Amino acid sequence: MSNKEIKDCINLIGEFLGRRDISNLNKEELVKYIGKNKVDILVLLGNSIPYTIECAVYAFNNNLCNKILINGGIGHSTELLRNAVRNEDRFKSINVDNRAEADIIFDIMIKIYNIPKEKIIVENKSTNCGDNAIKAVEKLNEHGISYESLLLIQDPTMQLRTYASFLKYVPKEVKVINYSPFVPKINEDLKLTNKGINGIWNEKRYLELIMGEIPRLRDYENGYGPKGQNFIEHIDIPNKIEEAYTILKATFNKDFFSRC
């Protein structure tokens, strides 16, 4: 198996998981997709990559959303987010110790990016993708906020699963829009080429994440779909994605990391 073939398989799966329903974060793309130039709520899901915060701030500052809901308690990525914030000089004033992801992100938004706090809703109890969606809906209902559209921004490896979770729990008439903050790309040296992404994973971690996602998305007894744990709506996984996954699984078990 050549590096080019491995690269192509990884990038195919990465693009599938890092779903973008609009090609760019701007009014023109929203109008084409939902017929309006802004969404009611931008949902920023807690994750370990502070760059996602920049994307949400960009959307708000460009009047692409009415409000931001920050969604995330303490989970498997929390300490990674804390470390990424600790290691960024401009975030030195942000307290991260023993705090939920949403609370950390809220402080960054209001203290570093000057987003008005009244424009932000904080949900800081959820611990996984399904729980994110359940508690986001509960929080919006609690605040009496009606909405016809949600824009989801998440770690690219979890963007599609997050979308499938929200489809299960938001009212069917609500338009749910994906915007993966970046689409990961691997080159023929099997290195990530994305630049300027604070908190981005290393190659080993990235491969582990995408390889873990495909089984979760499957609609079978061990997956998260309706025929399994029923955490998410059914997601069609194209044959080419399953084929790429099979190739990578064989390579991953052999000599992938010796090539990096």
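**A chat about contacts, strands and helices**

Me: Which residues does glutamate 54 touch, not counting residues up to four places away in sequence?

Reply: Leaving out residues up to four places away in sequence, glutamate 54 touches Arg90 and Tyr113, where contact means heavy atoms within 4.5 Å. This is a predicted model, in which local features need pLDDT of at least 70 and side-chain atom pairs count only at pLDDT 80 or more, while totals for chains, interfaces and linings use all residues. Residues are numbered from 1 along each chain as its sequence is written, and side-chain values use heavy atoms, with hydrogens and water left out.

Me: Where is glutamate 54 found?

Reply: Glutamate 54 is found in helix H3, which covers residues 51–61; helices (H or I, at least four residues) and strands (E, at least two) are DSSP runs, numbered from the N terminus. Glutamate 54 counts as partly exposed because its relative accessibility is 27%, given that buried means under 20% relative accessible area, exposed over 50%, and partly exposed in between, using a 1.4 Å probe and protein chains only.

Me: And how many residues apart in sequence are glutamate 54 and methionine 109?

Reply: They are 55 residues apart in sequence, and in space glutamate 54 and methionine 109 are 8.8 Å apart, C-alpha to C-alpha.

Me: New topic: what is the order of the strands in the open sheet?

Reply: The open sheet has five strands in the order E3-E2-E1-E4-E5, and their pairing is parallel; two strands pair if DSSP finds at least two bridges between them. E3 and E5 (175–178) stand at the edges with a single partner strand each, so one side of each is left without a neighbour in the sheet. On average, neighbouring strands of this sheet are turned by 25° against each other, direction ignored, with axes being lines fitted to C-alpha atoms (for helices, over the stretch in contact) and angles running from 0 to 180 degrees between N-to-C directions.

Me: What do E4, H7 and E5 make?

Reply: E4, H7 and E5 make a right-handed β-α-β unit, and right-handed means that, with the strands pointing away from the viewer, the path from the first strand over the helix to the second runs clockwise. H7 itself lies across E1, E2, E4 and E5, and runs at about 150° to E4.

Me: Is serine 165 buried or exposed?

Reply: Serine 165, which has its place in helix H7, counts as buried because its relative accessibility is 1%. Apart from neighbours within four places in sequence, serine 165 is in contact with Cys129, Gly130, Ala133, Phe231 and Ile232.

Me: What do the buried residues of H6 pack against?

Reply: The buried residues of H6, including Cys129, Gly130 and Ala133, pack against strands E1 (39–45), E2 (65–71), E3 (120–123) and E4 (149–153), and against helix H7 (159–169). H6 runs over residues 129–142, so 14 residues, and reaches 20 Å from its first C-alpha to its last, close to the 20 Å expected at 1.5 Å a residue, where the expected span is 1.5 Å times one less than the number of residues.

Me: Is lysine 139 buried or exposed?

Reply: Lysine 139, found in helix H6, is buried because its relative accessible area is 18%. Lysine 139 touches Leu69, Ile121, Val122 and Glu123, again not counting residues up to four places away in sequence.

Me: What follows H6?

Reply: H6 is followed by glycine 144, which has a positive phi near 65°.

Me: Which residue has a positive phi of about 60° although it is not a glycine?

Reply: Most residues other than glycine have a negative phi. Asparagine 114, however, has a positive phi of about 60°, and this residue is found in the loop between helix H5 (101–112) and E3. Asparagine 114 is exposed, with a relative accessible area of 61%. Asparagine 230 also has a positive phi of about 60°, and its place is in the loop between helix H8 (203–217) and helix H9 (239–252). Asparagine 230 counts as partly exposed, at 34% relative accessibility.
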